[in-house]
Amino acid sequence: MSVALLWVVSPNTEVFNFFGILDSSRFALGNRSSIRAKMGRKQKRKSCSLSTDVKYSSVGSSGLGSETKFSVLSRVVANPVGEIAVSSEQKVYDVVLKQAALVKKQLKSNGDLDVKPDIVLPGNLSLMSDAYDRCGEVCAEYAKTFYLGTLLMTPERRRAIWAIYVWCRRTDELVDGPNASHITPTALDRWESRLEDLFQGRPFDMLDAALSDTVNKFPVDIQPFKDMIEGMRMDLRKSIYQNFDELYLYCYYVAGTVGLMSVPVMGISPESQATTESVYNAALALGIANQLTNILRDVGEDARRGRIYLPQDELAQAGLSDSDIYAGKVTDKWRSFMKNQIKRARMFFDEAEKGVTELSEASRWPVWASLLLYRQILDEIEANDYNNFTRRAYVSKAKKLLALPIAYTKSLIRPSRTSSYSTRAQKTDSLTSKV
């Protein structure tokens, strides 16, 4: 999922015409036709996910409760000098706790996630409606199935999800779009500075204005947005991942962050007995699953770009190396390796399923659709005899259409009136130690 950027590059500066990273003006909306003209071609995306066309991530824990007990070996690792370092899983879980606390604080003070009135911005306030409409148009064009699902949400939640989707798409496009070769760490620093401005109510353009309004209305924290930008930085400096702990952190940065951004907007069902932390963890699990699925689907394509998003230690254990990936030959060793990788991705899907029902009723259908459709990509990889070097696994239109009514039916299932979901989650170990 990508939106083309229009670049003007001089010897000393990088300027985004569409992203406006260097321009100091605020809320420069212009007319809508000019904004549309800057929206570029459709392109595959590797990370962010609010839809069946994108990816997102998870805390990687079978334990999905506020008292989740991560396995000791998964939580801490010893570095060469004997010091104890916190694992990627625990780092992410700390972020989850912070985000859940924000939601619980608002629920305690308001009794519900009430929507605040529009923020006051310079210029014509009627343009705010246009800003959200434009976000909806982008979502409809690049994430059709998810867009249809958002139409079941309340208008406020629907518009907010569109705004988050578009920001994720634009951020992702920085390092995976047609002008990605021009991106520098400095450009990402400017994008992060612009993010901070919009969280302070100083949006730069029409699309920023929609997100600025959204984060003012809902208890959305800036940290997941900053973490996504950090994932883009990782893509600039890192192309090899030594183990799943490293890969897990990358998956959280580029995709799992979307779950943390979205849960406060999608809302938790008033009937849910699950802890807020467990719902966040389930959203993250879906993101991890989707991101791992994209990685497994795109092995050949990534290799041709000089990138291998597979744990090096697990490749070695399977008797494989980078040269085998670049050679692109399907062998028995490769099939065995892929079976284990697919098994892990399915574990994350299983954990995600436990939490979807806890979301507000109007938010469940698009999430179920994303889960069911992305999970089928794993089936297609298997159907292709694990040849993800030269064959791209995809779900046919017919199968997508069949999945939609199933997703809708699942979305009607109400949360359990017991707290078994949270209790059961506390008794399990981390997924990162299962495979």
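**View A. Nonpolar surface patch of L152, Y408 and L412.** These residues form a patch of about 270 Å² in a predicted model, where local features need pLDDT of at least 70, side-chain atom pairs count only at pLDDT 80 or more, and totals for chains, interfaces and linings use all residues. Residues are numbered from 1 along each chain as its sequence is written, and side-chain values use heavy atoms, with hydrogens and water left out. Patch residues have over 30% relative accessible area and no salt bridge, and nonpolar side chains (Val, Leu, Ile, Met, Phe, Trp, Tyr) are joined within 5 Å, like charges within 9 Å. A salt bridge puts a side-chain nitrogen of Lys or Arg within 4 Å of a carboxyl oxygen of Asp or Glu. Areas are Shrake-Rupley values with a 1.4 Å probe; for residues, only the protein chains shown count as cover.

**View B. L152 in the loop between α5 (144–150) and α6 (155–176).** Helices are DSSP runs (H or I, at least four residues), numbered from the N terminus. L152 has 41% relative accessibility and therefore counts as partly exposed (buried is under 20%, exposed over 50%, partly exposed in between).

**View C. Helix α11 (residues 276–297) and helix α15 (residues 332–356).** Their axes come within 7 Å and cross at roughly 155 degrees, so α11 and α15 are roughly antiparallel (angles over 145 degrees).

**View D. D385 and Y386 in the loop between α16 (361–383) and α17 (397–411).** Phi is positive in D385, near 60 degrees, and in Y386, near 65 degrees; neither residue is glycine. D385 is partly exposed at 38% relative accessible area, whereas Y386 is buried at 10%.

Key. Helices (H or I, at least four residues) and strands (E, at least two) are DSSP runs, numbered from the N terminus. Buried means under 20% relative accessible area, exposed over 50%, partly exposed in between (1.4 Å probe, protein chains only). Axes are lines fitted to C-alpha atoms, for helices over the stretch in contact, and angles run from 0 to 180 degrees between N-to-C directions. Angles under 35 degrees count as roughly parallel, over 145 as roughly antiparallel, 65 to 115 as roughly perpendicular and the rest as oblique.
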